[in-house]
Amino acid sequence: MTHAPEKAAANILSMNSIEVLYDNVMLAIKGVSIQVPKGGMVALLGSNGAGKSTTLKAISGLLKAERGRVSRGEISFDGSVITDLPAQQRVEMGICHVIEGRRVFEHLTPDENLEAAAPMAMNRATLKTEKQRIYEYFPRLAERKNSQAGYLSGGEQQMLAIGRALMTQPRLLMLDEPSLGLAPFLVAEIFSIIKKINKEQRLSVLLVEQNALAALEIVSDGYLIENGRVVMHDTAQALKANSDIQEFYLGGGPGTNFHDIKHYSRRKRWLS
Ligand SMILES: Nc1ncnc2c1ncn2[C@@H]1O[C@H](COP(=O)(O)OP(=O)(O)OP(=O)(O)O)[C@@H](O)[C@H]1O
């Protein structure tokens, strides 16, 4: 593993030597430690099956629904240990996990989707202000706010999924593959909005992505996970300049196809 970037800011999330077991036998995460600074934006990169989604589920508490559990290590959120807390309690603390696949209520309008995501205790005036704030970040959603969400494009549904997450007024936003299946121009649009929200609201973001090129444009630093382990952690700038990362994840090497490159010795070492 390369050296970690130096950090002065306090961390909103600290995950220390976490192991995750599925079905009591399948060790999916093997001693992962990651930190997200308050107001920071960090990426979790890696290929299919590396353990990125499992890491997010360990933080949000969604493992239980999949017969998974944290078998070792500790997770702290803003100084409090949350490793064994129920998922709902973590939501109330401000942890919001947008799972892969842009889940929205397809039969409702975007406006109704946003309202349904708001905490029960939110009053009408705040609800209106919060929706307005989200429409300002996502003008495309404002244009379609009274259409049926099921008829929105993939990019608009992803915007709505993020908008729904923002309605919960999170302190840590975790996004799982927001770029999945989207055209590059839409990925660029959505990522620049995420960056804007991070900067303007000082919202801490943990971004899981296979699209390393897009992710490294907006985060301050990133962790590379392979086979359930962190194999590299560095600043986004250093990761972009790293020849292994360029070869295997940024398409800069001799082969961009996974089947072409999987025999490279360094990556084989990461996967061992
Ligand atoms: N519910 C589950 N039960 C058993 N094994 C699982 C479960 N979910 C994931 N795994 C296994 O855990 C490992 C990590 O999977 P995970 O979904 O976290 O990877 P990922 O990096 O998010 O990959 P992808 O980008 O394909 O979603 C994989 O080997 C996967 O098969």
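Q: How many helices and strands does the protein chain have?
A: This is a predicted model. Its protein chain has twelve helices and ten strands. Of its 272 residues, 40% count as buried. Among contacts between residues at least 6 apart in sequence, 70% join residues at least 24 apart.

Q: What span does helix 6 reach from its first C-alpha to its last?
A: One compares the span with the value expected at 1.5 Å a residue. Helix 6, residues 154–167, has 14 residues and reaches 20 Å, close to the 20 Å expected. Just after this helix, Q169 takes a positive phi of about 50°.

Q: Is helix 6 mostly covered or mostly uncovered?
A: A residue counts as buried if 20 or more other C-beta atoms lie within 10 Å of its own. By that criterion, twelve of the 14 residues of helix 6 are buried, including G155, M159, I162 and R164.

Q: Which elements do the buried residues of helix 6 pack against?
A: Their partners are strand 6 (95–98), helix 3 (110–117), helix 4 (124–137), helix 5 (139–143) and helix 7 (184–201).

Q: Which residues come nearest to the ligand?
A: Of the 15 residues around the ligand, Y22, A28, K52, S53 and T54 come nearest. Strand 2 (26–37) and helix 1 (52–60) are the elements that each give two or more residues to this shell. Helix 1 provides the largest share, three residues.

Q: How many residues of the shell around the ligand are nonpolar, polar and charged?
A: The shell divides into four nonpolar, eight polar and three charged residues.

Key. Residues are numbered from 1 along each chain as its sequence is written. This is a predicted model: local features need pLDDT of at least 70, side-chain atom pairs count only at pLDDT 80 or more; totals for chains, interfaces and linings use all residues. Helices (H or I, at least four residues) and strands (E, at least two) are DSSP runs, numbered from the N terminus. The expected span of a helix is 1.5 Å times one less than its number of residues. Two residues are in contact if their C-beta atoms, placed from the backbone, lie within 7 Å. A residue is near a molecule or strand if its C-beta atom, placed from the backbone, lies within 6 Å of it. Ala, Val, Leu, Ile, Met, Phe, Trp, Tyr, Cys and Pro count as nonpolar, Asp, Glu, Lys and Arg as charged, and the others, Gly among them, as polar.
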